[in-house]
Structure formats: structure tokens, C-alpha cells
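Here is a short briefing on one protein chain. Have the viewer open while reading.

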Amino acid sequence: MSTKKEIRACTSGQLRVETREDGKATISGYAAVFNSDSVDFGFFREVIRPGAFERTLKEDGDVRAFLDHDSGRIVGRTKAGNLSLREDDKGLKIELNPIDTEDGRKAIEWVAQVS
């Protein structure tokens with residue numbers, strides 16, 4: 001298992017908030033889209049290629065979703081069952097049922113504002 005830590009932000013506008021039948025909110029969509037330029041990081045752009053997430057998804061590690069890249073502000077994780085990830089032809093598709101905390105509610109609010 002890799003110990004290398006990567007931090008990524010989703011600014012693609014590919015996420016949305018949906019309300020489930022039980023009234024709880026779900027964030028779903030694409031956290032990363034393949035073969036498109038990222039935002040300009042000042043001195044480079046990155047392009048994510050198909051297969052980029054394959055190893056991580058196969059390793060079945062504990063992927064965590066953080067609010068604002070802060071590891072103290074967890075809003076979901078794969079091992080808890082409230083974050084699911086899969087790679088398809090378009091990119092990395094996610095479904096997140098944020099935990100019912102201030103940060104979880106804030107994640108829903110922030111995604112709703114930009115979608």
C-alpha cells in the first residue's frame with residue numbers, strides 16, 4: 001500500500017446535491033474529469049488520464065473526503081460506507097452522503113452554491 005498522500009480539489013463544476021427519498025442530501029457527480037486541462041496553477045496545468053485512479057480503487061484503501069483540504073474536517077470515507085468512488089469513461093465518479101456535522105452540512109451548502 002502506498003503511503004504517498006495526494007491532495008486534490010474539485011473545481012470542475014461537475015458535482016451536484018440531490019435529495020434522497022429519506023430527505024438526506026447526497027453529493028454526486030465527477031470529482032475529476034479525464035482529458036481536460038485543470039485550472040491554471042500559475043506555472044502549470046495538469047491533465048488527468050483514464051486509469052489514473054485504477055490502482056487506488058483496486059487497493060481498496062480508506063479514501064477520505066475532507067472539507068477544504070483539512071484532515072480535521074472529514075465529511076466522508078469509503079470504509080464508513082458514505083463515500084463511493086468508481087472510475088468510468090468520463091472520470092472519477094463519486095457519491096458522498098456527508099456525515100451530519102457542521103462540516104458535512106457546509107459541504108452540501110458549498111456544492112449547492114456552485115452547481
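A residue counts as buried when its relative accessible area is under 20%, and as exposed when that area is over 50%. By that cut-off, seven of the nine residues of β2 are buried, so β2 is largely enclosed by the rest of the structure. The model is a predicted one. Across the chain of 115 residues, buried residues make up 24%.

**Overall layout**
- The chain holds two helices and six strands.
- Read from the N terminus, the elements follow the order β-β-α-β-β-β-β-α.
- Take the contacts between residues at least 6 apart in sequence: 45% of them join residues at least 24 apart.

**The sheet**
- Four strands make an open sheet, ordered β1-β2-β6-β5, with antiparallel pairing.
- β1 and β5 (83–87) are the edge strands; each has a single partner, so one side of each lacks a neighbour in the sheet.
- On average, neighbouring strands of this sheet are turned by 15° against each other, direction ignored.
- α2 packs on the sheet and touches β1 and β2. The direction of α2 makes about 115° with that of β1.

**Strand pairs around β2**
- β1 and β2 pair in the antiparallel sense over five bridges. In this pair, Thr19 stands opposite Ala25 of β2.
- Five residues lie between the strands in the hairpin of β1 and β2. Gly23 in this hairpin takes a positive phi near 90°.
- β2 also pairs with β6 (residues 91–96), again in the antiparallel sense, over six bridges.
- Tyr30 stands opposite Lys93 in β6, and Gly29 stands opposite Ile94 in β6.

**Helix α2**
- Helix α2 covers residues 102–114. At 1.5 Å a residue, its 13 residues should span 18 Å; the end C-alpha atoms are 19 Å apart, which agrees.
- Asp103, Gly104, Ala107 and Val111 are the buried residues to look at in α2. They cover an arc of only 105° around the axis, which puts them on the same side of α2.
- Glu102 and Gln113 are exposed, on the face of α2 turned away from its buried side.
- The cover over the buried residues of α2 includes β1 (15–19), β2 (25–33) and β4 (74–77).

**The nonpolar core**
- The largest nonpolar core has 14 residues. Ile27, Val75 and Leu96 have the most contacts inside it.
- β2, β6 and α2 each supply at least two residues of this core.
- β6 gives the most to this core, with three residues.

- Leu96 is found in strand β6. With a relative accessible area of 6%, Leu96 is buried.
- Leaving aside neighbours within four places in sequence, Leu96 is in contact with Ala25, Thr26, Ile27, Ala65, Val75, Gly76, Asn82 and Leu83.
- Leu96 and Gly76 are 20 residues apart along the chain, yet their C-alpha atoms are separated by 6.6 Å.
- With neighbours within four places in sequence again left aside, the contacts of Val75 include Ala65, Phe66, Leu67, Asn82 and Leu96.
- Val75 also contacts Asp103, Gly104 and Ala107, which are among the buried residues of α2.

Terms used:
Residues are numbered from 1 along each chain as its sequence is written. This is a predicted model: local features need pLDDT of at least 70, side-chain atom pairs count only at pLDDT 80 or more; totals for chains, interfaces and linings use all residues. Side-chain values use heavy atoms; hydrogens and water are left out. The expected span of a helix is 1.5 Å times one less than its number of residues. Buried means under 20% relative accessible area, exposed over 50%, partly exposed in between (1.4 Å probe, protein chains only). The arc is that of the directions from the helix axis to the C-beta atoms. Contact means heavy atoms within 4.5 Å. Two strands pair if DSSP finds at least two bridges between them. Axes are lines fitted to C-alpha atoms, for helices over the stretch in contact, and angles run from 0 to 180 degrees between N-to-C directions. A nonpolar core is a set of buried Ala, Val, Leu, Ile, Met, Phe, Trp, Tyr and Cys residues joined through side-chain atoms within 4.5 Å.
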